[in-house]
Structure formats: structure tokens, C-alpha cells
Amino acid sequence: MSALLETIARIRKEVCELHAELTRYELVVWTAGNVSGRIPGHDLMVIKPSGVSYDQLTPEAMVVTDLYGTPATTIHSEDGQTITWGNPDFSPSSDTAAHAYVYRHMPEVGGVVHTHSTYATAWAARGEAIPCVLTMMGDEFGGPIPVGPFALIGDDSIGQGIVETLKNSNSPAVLMQNHGPFTIGKDAREAVKAAVMCEEVARTVHVSRQLGEPLPMDQAKIESLYDRYQNVYGR
């Protein structure tokens, strides 16, 4: 098997297995939500098939597309082989165009996740950023979780909003207005972690606001927390 085929098989397996984390942490319902992963070194990505229940997902069902969201029917491997690819029984997620746009415009991103997790989506429905009032947020997000513009599914408008919102932010998460959270990471696992953490802080800050106004954090302390967590902690 060529190195490219081995890589595709590995990413398909990883992306498939990571969808179980979305259900484990109750970030999705029915078939909503998706994980994707970039194929390193190639203009390809792997994403959840559209309309397939989480308990029916398999690595073979994960759809390979190019970075414009078109299913990859042939792939040219590094040894010159032309490989017929794709499964006609499955179409890529309806969010594929958004994921693909992110990969095209943020080359450092290796994974993208979209959920409709309850608390984060509630903040998105209000069009309100989640303020950085927890050390956990300083660590993981380096500031508030920002709100992206309203955009409809169907083209890459959502992807454009994600990129424009996150390109000048430390946050790996964005709350697309009236829609829900999208998260990014250096790989699919990091993007899933960001989705889990996004929902956790959305819930905690919401609860805090029921008790009163959360205490703000000094920006210098947020920056110190973020630097330590990203560059020292666990390294």
C-alpha cells in the first residue's frame, strides 16, 4: 500500500473514532455535527458522511474530498498510481464547504469540528461572545470565545466567517451567530478537544451569570495563562 493510502486510512479511522467523543460529551443530537481532518501534504480532507447516525459510522463511510469539498473519485499517489476512490453510497456532510474553506485559508489547521452543543449554541443564538472569566479559558482560548457573522449553509459563507473571525484571535473556537460553535486544531483530536472545552466554559459562565456578574480577569494574566498552557504545560 502506498504511503498516501496508509495516511488516508489512518485519518479516516481517527475521524470516525473522534465522532464518538461528540456523543460521549453530549455535544450533538441525531446526525447533526461533524468532524473533519486534513490529509497532511495533500489537498485532501476526510469528513463525516451526511445523514448517517453516529452509531453507524465506520472508517470506510468517511468521505474523502478535495479542499473545495468535491468528493475525490481518483487520487494520484506519490508512486504514480491513479487510485479509484470514493463510495457512491455516501455524500459528504452539508458543512463540507465550510470545513474546506478553513483548510484552504488556514494552512496550520489540521482539524475542524462543528456541533450544536446546548450552551455554546445558546450563546450563539444571542450573538454574544463568551467572556474570558475563567483560568481554564485563559489556558485554552487565550481570551473570549468570539462570535462570527450570520451565514447560511450551502456555500462557503460559513467558512469565510470562521476564518475572518479567528485569523486575529487566539481562540480555537467561534460561535457562528444563530448557528453554533465551530472549532479548529492542529489535528482533528485538538479540534474535538476545543469543542468539548467550548461547551464546558459556555455552561460554566452561563451558570455564573445566574448568580451575578462574573469577575473580569486582567488581560496580562490571561496572556500569561495562555503562554504557559500552550508552551510549557504538558510539554
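How do the residues of the lining of the second largest pocket divide into nonpolar, polar and charged? They divide into 5 nonpolar, 2 polar and 7 charged. Here Ala, Val, Leu, Ile, Met, Phe, Trp, Tyr, Cys and Pro count as nonpolar, Asp, Glu, Lys and Arg as charged, and the others, Gly among them, as polar.

This is a predicted model, in which local features need pLDDT of at least 70, side-chain atom pairs count only at pLDDT 80 or more, and totals for chains, interfaces and linings use all residues. Residues are numbered from 1 along each chain as its sequence is written, and side-chain values use heavy atoms, with hydrogens and water left out.

**View 1. The second largest pocket and its lining.** The volume is about 180 Å³. A pocket is an open set of points on a 1 Å grid over the protein atoms alone, where a 1.4 Å probe fits, with protein on both sides within 12 Å along at least five of seven lines. Its volume is the space filled by probe spheres set on the points. Lining residues have an atom within 4 Å of a point. There are 14 of them, and Ile11, Glu14, Asp187, Ala188 and Arg189 lie nearest the centre. α1 (3-24), β1 (34-39) and α6 each give two or more residues to this lining. The largest share, 6 residues, comes from α1. Helices (H or I, at least four residues) and strands (E, at least two) are DSSP runs, numbered from the N terminus.

**View 2. α1 beside α6.** Their axes come within 10 Å and cross at roughly 10 degrees. Axes are lines fitted to C-alpha atoms, for helices over the stretch in contact, and angles run from 0 to 180 degrees between N-to-C directions. α1 is therefore roughly parallel to α6 (an angle under 35 degrees). Val15, Leu18, Glu21 and Leu22 in α1 meet Ala188, Arg189 and Val192 in α6; contact means heavy atoms within 4.5 Å. By class, this contact has 5 nonpolar, no polar and 2 charged residues.

**View 3. α3 across α6.** The axes of α3 (residues 118-126) and α6 (residues 188-211) come within 7 Å and cross at roughly 70 degrees. That makes α3 roughly perpendicular to α6 (65 to 115 degrees). Among the α3 residues in this contact are Tyr119 and Trp123. Cys198 and His206 are among those from α6. The contact has 6 nonpolar, 2 polar and 4 charged residues.

Methods:
Angles under 35 degrees count as roughly parallel, over 145 as roughly antiparallel, 65 to 115 as roughly perpendicular and the rest as oblique.
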